[in-house]
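Good morning, and thank you for coming. I would like to take you through one structure, and I ask you to keep the sequence and the coordinates in view as I speak.

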There are 2 protein chains.
Amino acid sequence: MITHLPLCSILNPKKVLVIGGGVGGNLRELSRHASIEKIEICEIDRMVVEVSKQFFPDLAVGFEDPRVTLHIDDGVAFLKAVPEGTYDAIIVDSSDPIGPAQEKPFFQSVAKALRPGGVVCTQAESIWLHMHIIEDIVSNCRQIFKGSVNYAWTTVPTYPSGVIGFMLCSTEGPPVDFKHPVNPLDACGSNSIGPLKFYNSEIHSAVFCLPSFVKKVIDSKAK
Amino acid sequence: MITHLPLCSILNPKKVLVIGGGVGGNLRELSRHASIEKIEICEIDRMVVEVSKQFFPDLAVGFEDPRVTLHIDDGVAFLKAVPEGTYDAIIVDSSDPIGPAQEKPFFQSVAKALRPGGVVCTQAESIWLHMHIIEDIVSNCRQIFKGSVNYAWTTVPTYPSGVIGFMLCSTEGPPVDFKHPVNPLDACGSNSIGPLKFYNSEIHSAVFCLPSFVKKVIDSKAK
């Protein structure tokens with residue numbers, strides 16, 4: 001979900017960066033997108049990658065995609081060295097629920113590393129447990145991302161309270177309408193990893209429909 | 001949700017039956033619908049009602065609606081005595097995950113008790129835990145309800161796996177399009193219980209968007 005929501009929202013994504021996500025699942029899902037030419041992943045902990053390759057081969061299979069380059073580094077430091085406007089999409093699957101990846105300077109580096117109209121998707125907590133954090137994240141994102149700023153959520157039964165949220169933002173430039181995928185996954189080609197079990201275009205749109213108590217907080221941040 | 005999904009899908013609901021749900025939360029939510037003239041509730045266990053009134057006054061407040069009549073009875077037996085075509089909507093919030101309320105004769109009694117184009121909403125398990133049960137329920141419903149048969153789902157963090165499903169079916173007669181509420185709740189009036197915290201019309205439509213693995217099973221039952 002954290003990969004398809006941003007990637008299906010832009011046409012012809014070519015360069016993608018993943019921050020965190022050393023287990024490889026995001027890479028596996030990115031590999032379904034045929035237009036991508038270059039996938040960089042910056043994982044801080046080499047052991048995450050090694051353990052995944054040993055014990056979770058179904059996820060670590062993502063590293064086998066020849067488009068993938070692995071960097072073992074701190075995402076914050078890595079981003080600082082990235083030339084402006086490098087990526088079409090950045091996926092942040094790292095510190096949670098509070099940490100450097102939720103702070104303003106980090107989001108500013110992300111915005112800088114994206115091309116105009118580029119997109120980012122970050123994990124953004126649980127509506128049942130963390131509305132106060134979500135409020136702050138939305139507020140920060142609205143200050144930094146001058147394109148579109150959206151909150152989405154889905155269910156993951158093994159996560160606390162059974163849900164996880166995402167921030168989906170775009171930088172100033174060609175407008176991005178996250179709620180209506182312009183690059184639906186059926187048209188993106190697939191590969192040897194088999195059909196998608198959860199994600200489809202209907203689910204893509206549905207995850208942006210928010211309960212009233214969430215809408216209220218997020219709309220208040222829009223003012 | 002179990003009340004608003006069916007009630008917002010038909011125009012001018014007047015007579016509603018609740019099977020189970022003696023805690024009163026469904027009644028509280030039904031009380032938001034101004035067109036309703038008569039709400040009957042059939043709860044098998046009087047103590048559920050008494051305990052709720054003592055310890056959950058925010059839910060038991062539903063019993064204070066003057067349109068409500070409480071019957072302490074077995075829902076299966078109660079339904080058998082109901083004249084054909086009595087209700088606009090029936091809400092089944094009872095045995096779970098396997099029990100008499102999932103069986104064909106029960107659904108047949110429900111269908112009989114509904115007017116043509118009347119609607120039923122029943123609890124229908126978790127997509128993460130009970131796809132084999134959901135498969136059977138869908139199959140039974142398709143045989144019995146000759147209008148529309150739909151599966152919907154939403155999140156409840158305190159339920160096993162964090163989600164719960166609903167079957168939404170209509171009887172032969174005026175067609176019902178559950179996915180697009182014709183009787184949106186904002187227009188239904190509200191009352192002293194305060195604004196809705198979760199449900200809204202966007203959420204109403206979103207709950208019918210199914211993950212691919214669920215769609216596959218449910219579509220196979222359509223053949």
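Let us begin with Cys42(A). Because its relative accessible area is 2%, Cys42(A) is buried. Please bear in mind that this is a predicted model.

How far is the sulfur of Cys42(A) from the closest cysteine sulfur? The distance is 17 Å, to the sulfur of Cys121(A), and that is too far for a bond. A disulfide would need the two sulfur atoms within 2.5 Å. Cys121(A) is in no disulfide either, for its nearest cysteine sulfur, in Cys169(A), is 8.7 Å away. Cys121(A) counts as buried because its relative accessibility is 0%. Over all chains, the count of disulfides comes to zero.

I turn next to an annotated position. The UniProt record, an unreviewed entry, places the annotation "active site" on Asp93(A). In chain A this residue belongs to strand β4, which covers residues 87-93. Is Asp93(A) buried, partly exposed or exposed? With 23% relative accessibility, Asp93(A) counts as partly exposed, since the buried class lies under 20%.

What surrounds Asp93(A)? Leaving aside residues up to four places away in sequence, Asp93(A) touches Ile2(A), Ile19(A), Gly20(A), Gly21(A), Asn26(A) and Gln123(A). With Asn26(A) there is also a polar contact, side chain to side chain, at 3.0 Å.

Let us now look at strand β4 in the other chain. In β4(B), six of the seven residues are buried, so that the strand is mostly covered. Which way do β1(B) and β4(B) run relative to each other, parallel or antiparallel? They run parallel, and five bridges join them. Within this part of the chain, Val18(B) stands opposite Ile91(B) of β4(B). β4(B) also pairs with β5(B), again in the parallel sense and over five bridges. Here Tyr87(B) has Leu114(B), in β5(B), as its bridge partner.

Helix α9 spans residues 212-220, and its buried residues are Ser212(A), Val214(A), Val217(A) and Ile218(A). Among the elements of chain A that cover them are α7 (131-144) and β6 (149-155).

Consider one residue of that helix, Val214(A). Its relative accessibility is 0%, and therefore Val214(A) counts as buried. Apart from residues up to four places away in sequence, Val214(A) touches Ile127(A), Met131(A) and Tyr151(A). The C-alpha atom of Val214(A) is also separated by 9.3 Å from that of Glu135(A), although the two residues are 79 residues apart along the chain.

Finally, I come to the two chains together.

Thank you for your attention.

Conventions. Residues are numbered from 1 along each chain as its sequence is written. Chains are lettered from A and ligands numbered from 1 in the order in which they are written. This is a predicted model: local features need pLDDT of at least 70, side-chain atom pairs count only at pLDDT 80 or more; totals for chains, interfaces and linings use all residues. Side-chain values use heavy atoms; hydrogens and water are left out. UniProt positions are given in the numbering used here, feature names are shortened, and annotations may be inferred rather than shown by experiment. Helices (H or I, at least four residues) and strands (E, at least two) are DSSP runs, numbered from the N terminus. Buried means under 20% relative accessible area, exposed over 50%, partly exposed in between (1.4 Å probe, protein chains only). Contact means heavy atoms within 4.5 Å. A polar contact is a pair of N or O atoms within 3.5 Å; within protein, one must be able to donate a hydrogen and the other to accept it, and residues adjacent in sequence count only if both atoms are side-chain atoms. Two strands pair if DSSP finds at least two bridges between them.
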